[in-house]
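I opened the model to look up a few items and kept notes as I went. The entries follow in the order in which I made them.

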Amino acid sequence: MKLLKPLWILRNGRRKKLGCSVTTWSPLATAFNTRPNSRPIFDSLKERTGLFNKPELTTFEGFYTLKDQAIEATDRLIEEATNSPTRPMVEIFDELSDTLCKVADLAEFVRIAHPQPHFARAAEEACISISGVVEKLNTHKGLYEALKKSVENGTSGDKHLAELFLFDFEQSGIHLEENKRKSVVALNDVILQTGQRFMAGAAKPRRVSRSAVPQNVRHFFSTEGDNIIVSGVYAECGEAAAREAAYRLYLAPDGTQDRLLDAVLQARHHMATLCGFRTYADRAIKASTMETAANVRQFLDLLSDGLHDRARMDFDVMLKMKKQETPYLDQLNCWDTPYYTHKAKNLLLDQANSDFSPYFSLGACMEGLDMLCQELYGISLKSEEMLPGESWSPDVYKLAVVHESEGLLGHIYCDLYERPGKPHQDCHFTIQGGKLLPDGSYQNPIVVIMLSLSGGHRSGPALLSAGALDNLFHEAGHALHSMLGRAPHQHVAGTRCPTDLAELLSVLMECFAADPQVLRRFARHFQTRQAAPERTLQRLCASKRLFAASEMQLQVFYSALDQQYHDRPAAPGGRTTDDLKEVQKQYYGLPYVENTAWQHRFSHLVGYGAKYYSYLISRALASSAWNTHFAADPLARRAGRRLRDRVLRHGGAVPPQVLLKDYLEMEITPQTLASALIDELDCHKDHLDTVLKILDRK
């Protein structure tokens, strides 16, 4: 894989006088400011390998080999665990977990990301096969009894990890009598199948007759014969009538979705009670930072009380903006808030995205990440050339993460550009977890971060918007969590920990991306290489804090609704919309819109059932970490070392409450976390005042 020298470098490379602040790009920035391309003639002369450097995956048939090898190893480990083992039981179980995850995690990523259908199909078949193996393990009485006996006898090894494995077993009902255990297995299948159908329906465009759409806004929508296609809520559309029409049509009640959601909620509650929990929320929250559903509810209630007046101030400003734009409309509605939030941020920036994004080329942003890593953790990001066959697409980058004294910590593959068929989502995948090996060496983690950037061709590098910059830093945070971790067991390495702890570093990285002290270290124009104007950086950072109270209140509303659905017996007959009305009235500052069913589009109810609140907890933890350890000096090595040594190194190997209390030096309670978020809002209140002044001048 070779990097072509882009035309924008050739055009500007001859310039002699570029100003006193000009510096040269680092090799890392140069690499990421150019989109990689395959060079078939040169590649044919090199040694060929398989995906992720696995020799088996030079062709798609390799997935069948990897699957068979994993199943054979699994059978051997089951035999060892159930026949007088000579090593601690958690070591056997962790090897089981590692063996299966190496195939399942790799296959899941390839299924989603590989552009060649035969690779994707083979990966999907491997996923299905390994899932079947995992299901059998989760219901293997002999394994469960052997593990339980080792815990009772004190021969399990790491007791915390052993109890996590036991909890995984008991979530599948293995400790129950046979008829109840079979019911749990059947309910799990219902939840999986029905949840997948609900998620597919949540993203499905709404097809309506032309007559259902007001004539004056029909031109805003796509048409198909006599029908109009509504594919979203048109949140940033400047026409109020079109926003309203889209909101009402896209979020109209859907009978099929309501039945599917009701079935998922009923099955989850039934399964939880069979396994000995009061509700599904108690089951889902047990091993998290909050520990109980009652703590989550208290946290949301305290935060809601603190947000009420602050969010009302945001809404008052938005209403003022709406009256300036449309004097005949004097009420703020749910379809207005995304539009006016976006507009206010543009007002504060006082310039188009095209004016500040040239200072945030992909190469510059990667240089910024590398600078942070070096300053905080003593690690460097080094671009590596890949062998032919190692990547699934020619425009993927590979980074080696190297510590100044520990050496290589792992690899990050960066799949950052949009392409046909690629999911349009920003996310992080673990391909191989870290693990201490029997010979004393460490199995280094391998991860992928995925974005959907455009550009990067010979006409110039990919230029990031403010949102894309946040997303890059967020996903890089997940990757660094894995790189910096050194947990001895794969099952709890890196981000394999409770959701709220797994999001801590990624949310904290967004704080760095919103701090002028950090941005001025790397924000440079991709052509002139001159530093971004200070005014631009200050306004960019301020824009990220606008209407933060109302946005947070919306997240509290979503979280409270998720808890409402999962923290009590599901009411038969589809009362989810009644619950929505009740929760919105209590937790959100704008009224429910009649004849809508927003929950039918809320796919996170499946993926984050009873745990949607976790993002707010992560944000509270990140805010506390930032204010306590980083705000005064964001690049202090002592702060980075403390974060790694007391939190990131351990992954999920230590209960989160223990880790966080030690790191933050405070009690982790609903009160302290809610207060952290309110304090964060008050700290940035001046940004709202800035917008008011701008509006008054208009």
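Entry 1. I began with L319 and found it in helix α13, residues 293–325. Helices here are DSSP runs of H or I with at least four residues, strands are runs of E with at least two, and both are numbered from the N terminus. Before going on I noted that this is a predicted model, in which local features need pLDDT of at least 70, side-chain atom pairs count only at pLDDT 80 or more, and totals for chains, interfaces and linings use all residues. Residues are numbered from 1 along each chain as its sequence is written, and side-chain values use heavy atoms, with hydrogens and water left out.

I then looked up the contacts of L319 (contact means heavy atoms within 4.5 Å). Leaving aside neighbours within four places in sequence, L319 touches D330, Q331 and L332. I also took the C-alpha separation of L319 and N333, which is 9.1 Å for two residues 14 apart along the chain.

Entry 2. I turned to helix packing. Two packed helices are described by the angle between their axes and the distance between the axes. The axes are lines fitted to C-alpha atoms, for helices over the stretch in contact, and angles run from 0 to 180 degrees between N-to-C directions.

For α16 (residues 362–377) and α17 (residues 466–484) I noted an angle of about 40 degrees and axes 11 Å apart. The two are therefore oblique to each other; under 35 degrees counts as roughly parallel, over 145 as roughly antiparallel, 65 to 115 as roughly perpendicular, and the rest as oblique. On the α16 side the contact includes L362, C365 and M366, and on the α17 side it includes L469, L472 and F473. By class, this contact has 13 nonpolar, no polar and no charged residues. Ala, Val, Leu, Ile, Met, Phe, Trp, Tyr, Cys and Pro count as nonpolar, Asp, Glu, Lys and Arg as charged, and the others, Gly among them, as polar.

Entry 3. The contact of α9 with α11 has 13 nonpolar, seven polar and three charged residues.

Entry 4. Last, I looked at the protein as a whole. I noted 29 helices and 10 strands. The C-alpha atoms fill a box of roughly 80 × 70 × 60 Å along the principal axes.
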